[in-house]
Amino acid sequence: HEFDGRLPDWSREGIALMVYFLKQERTAAQKFNALNRAQEFERNYLLAQIDSDLFWIETAELPFTNPAYYTSFQGLDPHVYITRDYAPLDERMRAFTTYAQNVPRAVSQIRANLRTPMPRTFIEIGRIGFGGLASFLEKDVPKVFQSVQDTNLQTQFSAANKEAVVA
């Protein structure tokens, strides 16, 4: 659970580092030879995924042109802390609180990345996605964690969640 609550570095520098990392990993994966059929499939799958990620970041420039990049399951969506029973509720609440504390920084990076003008449909996607997330954080998430008895944790959660909603 070392990554619980953490969000990607969506700064321009962070995205550039991700591109560098993907290219390094692609080069390393291409060096695997003399593989059996299953291993070759796995390597080719990895290469295809890396190529897809690079296409969407570098060619399509998705982080800079489309808000949906940030509202997907790989983005700001906190569903793992809410819907997956991977740990006791208080532990998931701690992880969510860390997530919520990281949302304002992430939103600042997202705002800096998205270029305008953008198509009206993308604006609508952003409005629905970010608006829906804010509403979910404000109205639904507190209900999930209301049974946690730790007063200190509840206080930390409430403050972090309010900041995330405002962001």
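**Backbone exceptions and a helix pair**

At 30% relative accessibility, Glu61 is classed as partly exposed. The model is predicted. Glu61 sits in the loop between helix 2 and helix 3 (62–65). Its phi is near 55°, a positive value in a residue other than glycine.

Most residues other than glycine have a negative phi, and most peptide bonds are trans. Against that background, Ala34 also deserves a look. Phi of Ala34 is near 50°, again positive in a non-glycine residue. Ala34 belongs to the loop between helix 1 (12–30) and helix 2 (37–59). Its relative accessible area is 83%, so Ala34 is exposed, the cut-off being over 50%.

Next comes a peptide bond. From Thr116 to Pro117 the bond is cis, with omega near 0°. Pro117 lies in the loop that runs between helix 6 and helix 7 (120–145).

Now to the helix pair. Two packed helices are described by the angle between their axes and the distance between the axes. Helix 6 (residues 89–113) packs with helix 8 (residues 151–166) at an angle of about 35°, and their axes are 8 Å apart. The crossing of helix 6 and helix 8 is left-handed. On helix 6, the contact is made by Asp90, Met93, Arg94, Phe96, Thr97, Ala100, Gln101, Val103 and Pro104. Helix 8 contributes Leu153, Gln154, Gln156, Phe157, Ala160, Asn161, Glu163 and Ala164. Sorted by class, the contact of helix 6 with helix 8 has 9 nonpolar, 5 polar and 3 charged residues.

How values were computed
Residues numbered from 1 in each chain as written. Predicted model: local features only at pLDDT ≥ 70, side-chain atom pairs only at ≥ 80, totals over all residues. Heavy atoms only, no water. Axes fitted to C-alpha atoms, helices over the stretch in contact; angles between N-to-C directions. Helix = DSSP H or I, 4+ residues; strand = E, 2+ residues; numbered from the N terminus. Left-handed = near helix turned anticlockwise from the far one by under 90°. Contact = heavy atoms within 4.5 Å. Nonpolar A, V, L, I, M, F, W, Y, C, P; charged D, E, K, R; others polar. Buried < 20%, exposed > 50% of the residue type's maximum accessible area, 1.4 Å probe, protein only.
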